[in-house]
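Q: I'm new to this structure and would like a close look at one part of it: the salt bridges. Could you walk me through them, and through what surrounds them?

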Amino acid sequence: SILRVHATDDDFGSHGQVHYFIVSGNTNDDLILDEISGILFVGKSLDRERSNRYELVVMATDTDTLGTTRMSTANVTVTVTDVNDNPPQFVVPFQYATLPDDTARGTTVGNVSAYDLDKGNNSRISFQLTAGNIGNAFTLSQLTSDSVDIVLDSVLNADVQSRYTLQITATDSGNPRLMATATMIVIVGGVNLYAPVFTQSVYTVNITETTDPGVLIAAVNATDADMTGPDSEVEYRI
């Protein structure tokens, strides 16, 4: 029970029997008032985010043998306090970004925002990088109370690490603490850092003047330290 309302009637016998009713303010019929005892009960599951306050008008009535009813009313205020029943929610739970591997340290890669329908401490959110941050390549920079930037905090190299699947966790400050996760995939694109290098700097070939066109006379070879993609593919020209 929540509370008990009580009214007195100076009449005797059945004329003094009081009955109680909710006249108004009972949103969604969430509350029940026992007609005889005046005890107010919760009739349905309450949700502060749906209705956080009930301004009830309660009526007390009596009835005499002639059917004449006398009544009076009272105001009852019921305030629903918050419990931590809502986890944080990300505005965008999945993001994708591409970076060249010459991206400067300190560059903002993306932003994540979250909100919590609870109130007070139950709605205060903190953010952490909880998975996928290989080599601590990224860090979080608090932008507002419910938003953080994802910032590059190292030198990238697509030949060493070309993909990061970052997990960002938002945790509220309630008891128990509730959390949610978002994912950002970062693809690192290689930059053509290295020039091809011949395996030898000088090639010497002796041929006769009667050598037919199309005859193989030598093979040159070069390598490129860019390990992946078209940046590592070598073409030859005279």
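A: Let's start with the count: the structure holds four salt bridges, a salt bridge being a side-chain nitrogen of Lys or Arg within 4 Å of a carboxyl oxygen of Asp or Glu. Before the details, a word on what you're looking at: this is a predicted model, where local features need pLDDT of at least 70, side-chain atom pairs count only at pLDDT 80 or more, and totals for chains, interfaces and linings use all residues. Residues are numbered from 1 along each chain as its sequence is written, and side-chain values use heavy atoms, with hydrogens and water left out.

How confident is the predictor? pLDDT is its confidence in each residue, from 0 to 100, and the protein chain has a mean pLDDT of 88, with 93% of its residues at 70 or more.

Now to the pairs. One of the four salt bridges joins D30 and R50, whose closest N and O atoms are 3.3 Å apart. This pair links distant parts of the chain, 20 residues apart: D30 sits in the loop between β2 (19–24) and β3 (31–33), and R50 in the loop between β4 and β5. Those strands are DSSP runs (E, at least two residues; helices are H or I, at least four), numbered from the N terminus. D30 is buried, at a relative accessible area of 1%, while R50 counts as partly exposed because its relative accessibility is 41%. For these words, buried means under 20% relative accessible area, exposed over 50%, and partly exposed in between (1.4 Å probe, protein chains only).

The loop between β4 (39–42) and β5 (53–63) also holds L46, which is partly exposed at 33% relative accessibility. Together with I2, L3 and V42, L46 makes a nonpolar surface patch of about 270 Å². Patches are made of residues with over 30% relative accessible area and no salt bridge; like charges are joined within 9 Å, and nonpolar side chains (Val, Leu, Ile, Met, Phe, Trp, Tyr) within 5 Å. The areas come from the Shrake-Rupley method with a 1.4 Å probe, and for residues only the protein chains shown count as cover.

Another salt bridge is formed by E55 and R53, with closest N and O atoms 2.6 Å apart. E55 counts as partly exposed at 43% relative accessibility, and R53 does too, at 45%.

Then there's E235 with R237, where the closest N and O atoms are 3.3 Å apart. Both of these residues, E235 and R237, are exposed.

Conventions. pLDDT is the predictor's confidence in each residue, from 0 to 100.
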